[in-house]
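This briefing is intended for a reader who is meeting the structure for the first time. Please consult the sequence and the model shown here alongside the points that follow.

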Amino acid sequence: MSPVVVLVGPPGSGKSTIAALLAERLGVKHRDTDTDIEAGAGQPISDIFVDHGEPHFRALERAAIVAALQGDEVLSLGGGAILDPDTRADLAGHNVVFLDVSLGEAAKRVGLGVARPLLLGNVRTQLRNLMEARRPLYVEVAKLTVQTDDRTPEQIADEILEHLG
């Protein structure tokens, strides 16, 4: 088995929303690795960062991705999942879609980022830095890039489904 489609992108790009919509339309389940991590750890990601640090979180994330890539769902990965070279290698051969979003739109969508530990402080600056650093990695793993600004989730899902054939 293999995921029908894997969504990657920065915080605020709409991965969870689009994944749920695609799963509904395709008649499969939606799986979000951040949700898997929280369920397995028994605490929110923000608490994992505070209590155990980012390296511990990334190890949990890697294990969640390895498990999730065995399923046949629509899969959404956390924004930093593509930082791991093994994860990028594992994504080869999958239908990976990069949900691209402008800084302004992403900042509006994530708000103050209270549940997003890597965005603490000046959200807009932190988000810009994350997006600039990760963009080449999103592009590297993606078979399709979809711009999400000024589009409804339905329009985005339509474009992805059209690409999947």
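The radius of gyration of the protein is 15 Å, which agrees with the value near 15 Å for a compact globule of 165 residues; it is taken over C-alpha atoms, and the globule rule is 2.2 Å times the number of residues to the power 0.38. This is a predicted model, in which local features need pLDDT of at least 70 and side-chain atom pairs count only at pLDDT 80 or more, while totals for chains, interfaces and linings use all residues. Residues are numbered from 1 along each chain as its sequence is written, and side-chain values use heavy atoms, with hydrogens and water left out.

**Overall form**
- Along the principal axes, the C-alpha atoms fill a box of roughly 45 × 35 × 25 Å.
- Of the 165 residues, 47% count as buried, that is, under 20% relative accessible area with a 1.4 Å probe, protein chains only.

**Secondary structure**
- The protein has 8 helices and 5 strands, which are DSSP runs (helices H or I, at least four residues; strands E, at least two) numbered from the N terminus.
- From the N terminus on, the order of elements is β-α-β-α-α-α-β-α-β-α-α-β-α.

**Strands β4 and β5**
- Strand β4 (residues 96-100) pairs with β5 in the parallel sense over 4 bridges; pairing requires at least two DSSP bridges between two strands.
- Leu-99 has Val-146 in β5 as its bridge partner.

Conventions:
Buried < 20%, exposed > 50% of the residue type's maximum accessible area, 1.4 Å probe, protein only.
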